[in-house]
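Biologist: Please pick one part of this model and take me through it closely. Keep it brisk, and give the cut-offs as you go.

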Amino acid sequence: MAALLLLSSAARVGVAAPLALRQQRPVVLPGGQLRTGSGAGAASAWAARPLRPELAAVSRPAVPARGRAPLFRPRAWMASSQIASSAFTWGTIAVLPFYTLMVVAPNADVTKRAVDSSAPYVALGILYAYLLYLSWTPDTLRAMFASKYWLPELTGIVRMFASEMTVASAWIHLLAVDLFAARQVYHDGIKNNIETRHSVSLCLLFCPIGIVTHVLTKVHLESLHHGIQASVIEVLHGRLYDAVVPHL
C-alpha cells in the first residue's frame, strides 16, 4: 500500500513539473533580457526593470500608416529624381526658342508676337509651383530664415539645395526670371534702335551680366550719337560761317 501511494505521488509530481516549466517559459524582452516568471506579479516585476542604456536609446522605426498615396506626390506616378530631371530638361528646352528668335530674327513679326506672349511665364510658373510643393517640408522656412533676425543664411540655403527637387525648382525660377529680363532688354532695344543680340544671349545663363552689357551698350551708343550730332552741327556751322562771312 505504501508503495502504491509513493508511485502515485511521484506520478503527480512528474506531471506537475513539466506544467510548471511550461508556465515559466522564458520571454525575451525588447532590451534583450529574459523573463521566466509567471503571473501578474512576475510580469510587473520584470516590466519595471530598466533596459540596458545602449539598448534603451534605440527606438523602433515607425510603421507607416496604410492608405492611398496623394495624387500629386512623386510616388504616385514616378520617382522624385525623375520628376526633377524631367523638369530641369524640359524647362530648359522650352525657353530656347524665344532666345533663338530674339537673337536670329529680332525684327521679325513672329519674334515680336512670341516675345509678347505670356504663355511661357504661365507654364514656368505652374511648373515651379508644383516643384515647390513637392520639395516643401516643415523645416523649409526654418532653414531659409535660420538667423535670429529672420534673415536667410548661407548654411541653411546650402542644406536646402541638397535636394534634387529643390535644385530643379530653383532652376525653373531662374529660367522664368532670366527670360523676363531678356524680354525687357529686347523691347528696349527695339524701342531705341539698339543692338541687343549680345545682351539677350548673356541673359540666358548670366542674366545680371546681360543687363549690365545692355546698359553699357545703350550709354555708349547714346554718347556716340550725341558726339556725331555735335560734330555734324559744328561742321555745318563752320561751312555756313565760311560761306556767309566773306560776303558781308
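Modeller: Of the 248 residues in the chain, 22% are buried. Buried means under 20% relative accessible area, exposed means over 50%, and partly exposed lies in between (1.4 Å probe, protein chains only). This is a predicted model, so local features need pLDDT of at least 70 and side-chain atom pairs count only at pLDDT 80 or more, while totals for chains, interfaces and linings use all residues. Residues are numbered from 1 along each chain as its sequence is written, and side-chain values use heavy atoms, with hydrogens and water left out.

First, the setting. The chain holds eleven helices and two strands. Both kinds are DSSP runs numbered from the N terminus: helices are H or I with at least four residues, strands E with at least two. Reading from the N terminus, the order is α-β-β-α-α-α-α-α-α-α-α-α-α. Take contacts between residues at least 6 apart in sequence: 55% of them join residues at least 24 apart. Contact here means heavy atoms within 4.5 Å.

Now the close look: helix 4 against helix 6. Helix 4 covers residues 80–104 and helix 6 covers residues 119–135; their axes come within 11 Å and cross at roughly 165°. Each axis is a line fitted to C-alpha atoms over the stretch in contact, and angles run from 0 to 180 degrees between N-to-C directions. The two helices are therefore roughly antiparallel. That label needs an angle over 145 degrees; under 35 counts as roughly parallel, 65 to 115 as roughly perpendicular, and the rest as oblique. Helix 4 passes helix 6 in a left-handed crossing, meaning that the near helix is turned anticlockwise from the far one by less than a right angle; clockwise would be right-handed.

Who makes the contact? Helix 4 supplies Ile 83, Ala 87, Val 95 and Phe 98, and helix 6 supplies Pro 120, Leu 124, Leu 127, Tyr 130, Leu 131 and Leu 134. By class, these residues are ten nonpolar, no polar and no charged. Nonpolar covers Ala, Val, Leu, Ile, Met, Phe, Trp, Tyr, Cys and Pro; charged covers Asp, Glu, Lys and Arg; the others, Gly among them, are polar.

Phe 88 is partly exposed, at 35% relative accessible area. Trp 171 is partly exposed too, at 22%. The second pair is Tyr 121 and Phe 180: centres 5.9 Å apart, planes at 80°, so edge-to-face. Tyr 121 counts as buried at 19%, whereas Phe 180 is partly exposed at 40%. The ring rule: rings of Phe, Tyr and Trp (its six-membered ring) pair if their centres lie within 6.5 Å, with planes under 30 degrees apart stacked, over 60 edge-to-face, and the rest tilted.

One last stop, past helix 9. Asn 193 lies in the loop between helix 9 and helix 10 (197–205). Asn 193 is not a glycine, yet has a positive phi of about 55°. At 73% relative accessibility, Asn 193 counts as exposed.
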